[in-house]
Amino acid sequence: MLWNLPYITVVALTFVGIVTVLLKKNLIKILLGINILESAANLFLVSLGYREGGVAPIFTLAPSELMVLPTPQALTLTSIVIGVATSALVLSFAMVLKKKYGTVDITEIRRLQG
Amino acid sequence: MKKEVVMIISLVIISAFFMVVAMSLTFGSPAMTDMDDYFLRYGQEQTGTNNQCTSVTFDFRGFDTLGESTVLFCAVIGVALMFRRMQGGEEHEDE
Amino acid sequence: MRMSRIVRVAADLVYPAVLIFGLYIVAHGHLTPGGGFQGGAVIATGAALVIVAYSYAEVRKWLSGKVLMGQEVIGLMGFIGVALLALAFGQVFFFNYLNASGSLFGTPVPYGINAGELNTGGFVPLMNFSVGCEVWGGLTLVILYMMSGIQKEAT
């Protein structure tokens with residue numbers, strides 16, 4: 001079972017992330033749950049491209065010519081930047097909500113204005 | 001309380017299903033490597049860089065990077081729209 | 001709120017080193033691990049250090065929102081412009097027209113392990129600079145906007 005440790009970590013992180021998003025009432029804690037889900041997806045993408053005994057796919061002074069796959073690393077870079085964009089937007093929503101309603105408890109933010 | 005118990009039980013069942021799938025993957029020998037073998041073999045003469053991750057990000061799969069830059073730009077515009085006044089100024093009250 | 005004198009002097013000394021390190025990561029993106037996004041994030045972290053050490057009201061007098069937004073727009077337009085310029089050479093969109101051509105970044109690279117040269121890379125270093133500019137301006141602008149929304153607590 002230990003030879004698959006990255007994939008087991010991905011399942012554990014996904015479980016923790018989904019439980020946090022569904023069961024917490026504070027908006028900041030829900031945002032942290034979304035971040036944990038994002039980290040699980042990035043870890044899964046990077047660990048799909050590992051070759052046994054490989055080094056980083058860079059030809060400048062490389063120790064050997066057996067390299068890991070470079071494509072999942074490029075996709076993970078895009079995913080991390082999109083996670084940053086999502087977190088920035090949700091945090092700015094939380095700040096404006098706190099100013100208007102006085103609280104960030106999602107069970108009390110129920111009035112539609114306008 | 002009943003709703004949360006049902007949620008956690010269903011999540012445990014879904015996690016068990018994920019765990020069965022995760023056990024059947026092999027770590028260290030990827031299934032199909034044809035595209036990446038081509039990138040590693042011909043990347044240096046077709047893009048001229050030593051760093052194959054950068055050559056995949058900016059040259060072989062440049063459209064993904066174009067979309068990602070646009071998403072980052074739109075997120076910054078979204079944050080700027082939420083804080084429409086910086087340091088003073090009166091608050092806008094629509095109708 | 002301003003921090004003490006020791007913190008301000010330390011931030012003054014550390015910020016140029018962080019800036020040069022971030023620009024090094026951006027500029028050598030085609031030889032060593034790094035590139036546009038990573039280097040831009042490092043430089044924005046250095047800007048966050050200065051904003052925390054000096055109070056927000058003081059930094060607001062030095063940095064204006066319009067200059068940072070202009071920097072971000074120049075970065076994105078530069079990225080699209082470098083890719084569109086390939087149409088002028090008769091090729092498809094996003095074709096690497098500077099690779100092994102003898103001009104700006106055009107030294108050819110043989111296959112195999114070598115100590116890299118800075119002059120190689122085609123249009124990848126130009127794109128690294130554009131994306132670095134965009135991420136620097138964008139992340140610093142997000143930090144400034146969020147600092148402006150902090151309310152003063154009535155104590």
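User: In what order do the elements of chain C run from the N terminus on?
Analyst: First, the ground rules: this is a predicted model, where local features need pLDDT of at least 70 and side-chain atom pairs count only at pLDDT 80 or more, while totals for chains, interfaces and linings use all residues. Residues are numbered from 1 along each chain as its sequence is written, and chains are lettered from A and ligands numbered from 1 in the order in which they are written. Helices (H or I, at least four residues) and strands (E, at least two) are DSSP runs, numbered from the N terminus. Chain C has five helices and zero strands, and its elements run α-α-α-α-α.

User: What share of the residues of chain C count as buried?
Analyst: A residue is buried if 20 or more other C-beta atoms lie within 10 Å of its own, exposed if 12 or fewer, and partly exposed in between, with C-beta atoms placed from the backbone. Go through the 155 residues of chain C with that rule, and the buried share is 36%.

User: And what's the radius of gyration of chain A?
Analyst: Chain A has three helices and zero strands. The globule rule gives 13 Å for 114 residues, and chain A is well over this, so it is more spread out than a compact globule. Its C-alpha trace spans about 60 × 35 × 20 Å along its principal axes. Its radius of gyration is 19 Å.

User: Which helix supplies the largest share of the side of chain A that touches chain B?
Analyst: Two residues are in contact if their C-beta atoms, placed from the backbone, lie within 7 Å, and by that rule 39 residues of chain A are in contact with 35 residues of chain B. On the chain A side, helix H1 (5-23) and helix H3 (71-101) each supply at least two residues. The largest share is 13 residues, and it comes from H3(A).

User: How many charged residues are on the side of chain C that touches chain A?
Analyst: Here 12 residues of chain C are in contact with 14 residues of chain A. Ala, Val, Leu, Ile, Met, Phe, Trp, Tyr, Cys and Pro count as nonpolar, Asp, Glu, Lys and Arg as charged, and the others, Gly among them, as polar. Sorted that way, the chain C side has seven nonpolar residues, five polar and, for charged, none.

User: Are H1(A) and H1(B) roughly parallel or roughly antiparallel?
Analyst: The axes of H1(A) and helix H1 (residues 2-24) of chain B come within 10 Å and cross at roughly 160°. Axes are lines fitted to C-alpha atoms, for helices over the stretch in contact, and angles run from 0 to 180 degrees between N-to-C directions. Angles under 35 degrees count as roughly parallel, over 145 as roughly antiparallel, 65 to 115 as roughly perpendicular and the rest as oblique. That makes H1(A) and H1(B) roughly antiparallel.

User: Is the crossing of H4(B) and H5(C) left-handed or right-handed?
Analyst: Helix H4 (residues 62-82) of chain B and H5(C) pack at an angle of about 20°, with their axes 10 Å apart. That makes H4(B) roughly parallel to H5(C). A crossing is left-handed if the near helix is turned anticlockwise from the far one by less than a right angle, and right-handed if clockwise. For H4(B) and H5(C), the crossing is left-handed.

User: Is Leu61(A) buried or exposed?
Analyst: Leu61(A) lies in the loop between helix H2 (27-47) and H3 of chain A. Its phi is near 55°, a positive value in a residue other than glycine. It has 12 other C-beta atoms within 10 Å, so Leu61(A) is exposed.

User: What about Phe94(C), buried or exposed?
Analyst: Phe94(C) is found in the loop between helix H4 (65-84) and helix H5 (124-148) of chain C. It isn't a glycine, yet it has a positive phi of about 75°. With 20 C-beta neighbours inside 10 Å, Phe94(C) counts as buried.

Notes
Rg over C-alpha atoms; globule rule 2.2 N^0.38 Å.
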